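Dear colleague,

My notes on the contact between the chains, and on one helix, follow it.

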Amino acid sequence: MDSREDDGGEPLSRMAEWRDVTPLPQDDGPNPVVPIAYKEEFRETMDYFRAIYKADERSPRALRLTRRAIHLNPGNYTVWHFRRLVLEALNADLDEELDFLQRIANSNSKNYQHHRRWVVERLGANARAKELNLIKKILSIDAKNYHAWSHRQWVLQALGGWEDELDYCQQLLEEDIFNNSAWNQFSARHDFT
Amino acid sequence: MESFRSLTVTQRDQILVEQQVFDIFKTFYNLPPSSQSFMLELQRENHVEYLTKGLTGLGPSFCVLDANRPWICYWILHSIALLDEFVDPELEDNTIDFLSRCQGPNGGYAGGPGQMPHLATTYAAVNSLVTLGGEKALSSINREKLYMFLRQMKDASGGFRMHDGGEIDVRACYTAISVASLLNILDDELVQNVGNYILSCQTYEGGISGEPGSEAHGGYTFCGLATMILINEVDSLDLSGLTDWVVFRQGVEGGFQGRTNKLVDGCYSFWQGGIFALLKRLNSTKEVKPIPLGDGEGSGEESPQTTTSSDAAGEEGLNGDLSLGGSHSEIGDQHNTSSQDNVIDIDHNHSKGHANVEPLFNSLALQQYILLCSQELNGGLRDKPGKSRDHYHTCYCLSGLSVCQRSWLEDEDSPPLPRAVLGPYSNLLEPIHPLYNVVLDRYREAYEFFTKS
């Protein structure tokens, strides 16, 4: 399914498996504004993505293509959305998906968080400990990361764990009494439980 | 005295920024007056050049914004409009054409041609087209389909999803409601329960968060407050709590932080500064009955505006000029064709004979931060010293500057007194409509257009 190996940015046009696909260029028009000088790899990846997206092809190679596109631009919500559809269609192993997400966890994008939520929701209570730990890791680098805190609250709400949150908040506040995100978490603890 | 090492991360980061900012201020204050004047000048030509260049070409690093291109259009076009400059007719046409290609077959605008429609990029596209103005731009918006798209994004909880299967948050609510209001397609179906959702996002601090339970945040507070005003439910918010929160977000640097104990950032000049513009309208129209927007225009009831040197008298003007759509119940009225025939009496003298208010924030200090710390002399504005300029910060620093310059005025349309404008009076920017953040004139044109059609 979703290969763990990086396909190394090899041109898709030279890959046998993509031979049957005609890449679809972006319909920018003759005189686009805010035109971006895409690098060749970006342009080609998105041309192939557009073709697959239009054809609604929910296949293993489509999944790999979305990974490639996400690496190039994690802000493309259309790609993330389509990736979700493909995962569903393939009945993919979501633990593997979580691992994939972990590897690109430096992405702060909302798309990433939203997709992650969807995966965790499906994995259920088993994913809880792993999730909370991962978020702790992110917060240890950036203790006020807004999306991380929102995600943390969501996990606690969906999968439980508020009982231990007091300790965590206290720990953070001992490190930095001015961490308003930790103070907010205190208050949220009361609202939610 | 504590050693640097025993300070927390928050303190360390804050001190570093303060040092940089105060260095700039110290240097400034030690300059001879002529140099000071120069430093406070808005570098209009350079900003326009930077902005226009972005409209015609962006480097490869912008591929991370490949799903946000209508936003780039808006940031650039709105900034140019604030500077009271114009875009080449050819570029205008190209923009209208490009945005049409971002418009989905089932309504709404995507981040680029061929992508899924998204509420934020819809907001940006509509605001861009309103900013361009004119028949061609405004009629290019497929309102019927857009309405269907908004209905599809509406969630049972009352909030809106950003896109099909996307996240729900206060920003999604704002972008949806703002667009619907601007295009005169706001109805009960769209409005219902939005208020409850936003209410659930007001935190113990008084500000509003992105989702229930998250931290109070300037961007979401602006979005939440504006939405509540647009749907005529602002009174259910704890407004005094909100005000208490936002006034403390202005730092010693003069600029605003987005959250408690975070760093100053130029873009909050608008997200937080704009909140004051909204609050000012609420407070000023509380005693007055609403009038539909159209009736305020050209009603022939304007009294001549005079400027006196005494600051108590300020300016006399059409104090009751509610054509800014500020009244909280007016927004619902104005787009109801049935009530547009009702001419309601208003009391023109409601503000006791003067049209000036004292802003709740330090307007001159914010202007000083924007001009001395955010402005890049060779064009563009930025978050803070040490950060790079970008179109987003250019847009919101300038929007905030516009708000500052008019923060003493009840009537946003009147020319401000020179002392309200830091630097030369030529720094004066166009007034905005604070609910939508489009230039006021363009809003008016759009209003006329979408009310008639």
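Chain B and chain A bury about 4,200 Å² between them, with carbon and sulfur atoms giving 50% of that area; buried area here is the accessible area (1.4 Å probe) that two parts lose on being put together, summed over both. On the chain B side, the most area is lost to chain A by B:R69, B:M116 and B:Y204, together 14% of what that side buries.

This is a predicted model, in which local features need pLDDT of at least 70 and side-chain atom pairs count only at pLDDT 80 or more, while totals for chains, interfaces and linings use all residues. Residues are numbered from 1 along each chain as its sequence is written, chains are lettered from A in the order in which they are written, and side-chain values use heavy atoms, with hydrogens and water left out.

The contact (heavy atoms within 4.5 Å) draws 59 residues from chain B and 43 residues from chain A. Between the two chains there are 3 salt bridges, a term for a side-chain nitrogen of Lys or Arg within 4 Å of a carboxyl oxygen of Asp or Glu. In one of these, the side chain of B:R69 meets that of A:D28 at 3.0 Å, N to O.

Turning to chain A, helix α1 (a DSSP run of H or I, at least four residues) covers residues 40–55. Its buried residues (under 20% relative accessible area, 1.4 Å probe, protein chains only) include A:F42, A:M46 and A:F49. The buried residues of α1(A) pack against α2 (60–72) and α3 (77–90) of chain A. Just after α1(A), A:D56 has a positive phi of about 55°.

With kind regards

Note on methods: Helices (H or I, at least four residues) and strands (E, at least two) are DSSP runs, numbered from the N terminus. The expected span of a helix is 1.5 Å times one less than its number of residues. Buried means under 20% relative accessible area, exposed over 50%, partly exposed in between (1.4 Å probe, protein chains only).
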